[in-house]
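Reader: I would like to learn how to read a model feature by feature. Please give the general idea each time, then the case at hand.

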Amino acid sequence: MRIDEVTNLRTWQILDFAATSGTDYSVHLMAITKTKGLKARHVEVPHWLLKELLAYIDRERNHAISAGRKYGLKKDTAALFVNGVSARQNAGKRFTADSLDDVFRRATVSAGLVRTIEKMDPVTGEPYLVQHPRFSFHCLRHSFAIWRYYAERQGGNPEPWKIIQSLLGHRALSTTTDLYLRATSVFEAQVSDEVLRFFGAIRNA
């Protein structure tokens, strides 16, 4: 999902699945409408993630809404992801795409996944080094596309790009193949049989 699609999710979209059952690696199809171009599509929610989201709604999210009311929050916006208790006067308000992107960047830097860039001080003319995160939230879509490609291939799908195009919400197939899957021809030789067996086990779980 795109970052703004994630931050536009609503609690009822998850609560609708509260009574469903399944194995951890089974998936539930969830309809989303707040998409690029407002073209509705379905996304797959793994059962293990669904359980985590239900726990988040019941605990952390509820605590954030309660904290927000102490600072004047008048109503629950129904947004799935909200600012946590530590946000104080902003607790319980919808978590924005910018905030999520910032959290992801800081987590990437904390994990040491950075690249060093040399810049020039405009006043002194002296060079200095800064560290930038190597990955952005959007990179998750590319990672998903590549790994789903290998999983589909392992499952015997002769045209994996079609389902990936649908799941990513691309109008043009060329966007999927030329931008999101262009690394597969280089990367495929590096993917071990063990990884492919792992995906096969997930599909058969």
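**Reading the model**

Author: Helices (H or I, at least four residues) and strands (E, at least two) are DSSP runs, numbered from the N terminus. This is a predicted model, where local features need pLDDT of at least 70, side-chain atom pairs count only at pLDDT 80 or more, and totals for chains, interfaces and linings use all residues. Residues are numbered from 1 along each chain as its sequence is written, and side-chain values use heavy atoms, with hydrogens and water left out.

Reader: Is S185 buried or exposed?

Author: Buried means under 20% relative accessible area, exposed over 50%, and partly exposed in between (1.4 Å probe, protein chains only). S185 has a relative accessible area of 60%, so it is exposed. From S185 to A40 the C-alpha distance is 31 Å, and the two are 145 residues apart in sequence.

Reader: How do I read pockets?

Author: Rolling a probe the size of a water molecule over the atoms shows where empty space is left. The search uses a 1 Å grid over the protein atoms alone; a pocket is an open set of points where a 1.4 Å probe fits, with protein on both sides within 12 Å along at least five of seven lines. Lining residues have an atom within 4 Å of a point. Grid points are joined across faces, edges and corners, and a volume is the space filled by probe spheres set on the points.

Reader: What is the volume of the largest pocket, and which residues are closest to its centre?

Author: The largest pocket holds about 1,600 Å³. It is lined by 45 residues, and E44, P46, W48, L49 and F144 are the closest to its centre. Several elements give two or more residues to this lining, including β1 (27-32), β2 (41-46), α3 (47-70) and α5 (139-154). The lining divides into 32 nonpolar, 7 polar and 6 charged residues. Here Ala, Val, Leu, Ile, Met, Phe, Trp, Tyr, Cys and Pro count as nonpolar, Asp, Glu, Lys and Arg as charged, and the others, Gly among them, as polar.

Reader: Which residues line the second largest pocket?

Author: Its lining includes R2, K36, K39, H138, R141, H170, R171 and Y180. The second largest pocket has about 200 Å³ of space. Its lining splits into 2 nonpolar, 5 polar and 5 charged residues.

Reader: Next, aromatic rings. How many aromatic pairs are there?

Author: A pair of aromatic rings is described by the distance of the centres and the angle of the planes. Rings of Phe, Tyr and Trp (its six-membered ring) pair if their centres lie within 6.5 Å; planes under 30 degrees apart count as stacked, over 60 as edge-to-face and the rest as tilted. The count is 4 aromatic pairs. One of them joins W147 and Y150, edge-to-face, at 5.9 Å centre to centre and 65 degrees between the planes. Both residues lie in helix α5, 3 residues apart, about one turn of the helix. The rings of Y149 and Y150 have centres 5.3 Å apart and planes at 75 degrees, so this pair is edge-to-face. W147, Y149 and Y150 make up one aromatic cluster.

Reader: Why does W147 count as partly exposed, and why does Y150 count as buried?

Author: W147 counts as partly exposed because its relative accessibility is 31%. Y150 counts as buried because its value is 2%. Y149, at 9% relative accessibility, is buried.

Reader: Which residues touch the most other members of the largest nonpolar core?

Author: In soluble globular proteins, nonpolar side chains tend to be buried together. A nonpolar core is a set of buried Ala, Val, Leu, Ile, Met, Phe, Trp, Tyr and Cys residues joined through side-chain atoms within 4.5 Å. The largest has 15 residues, and I14, M30 and L80 touch the most other members. β1, β2 and α3 each supply at least two residues. The largest share, 5 residues, comes from α3. Another core lies apart from it, with 8 residues, among them A145, I146, Y150 and Y180.

Reader: What does L80 touch?

Author: Contact means heavy atoms within 4.5 Å. Not counting residues up to four places away in sequence, L80 touches L9, R10, T11, I14, L53, Y56, I57 and R61.

Reader: Which residue other than glycine has a phi near 75 degrees?

Author: That is A78, with a positive phi. A78 lies in the loop between α3 and α4.
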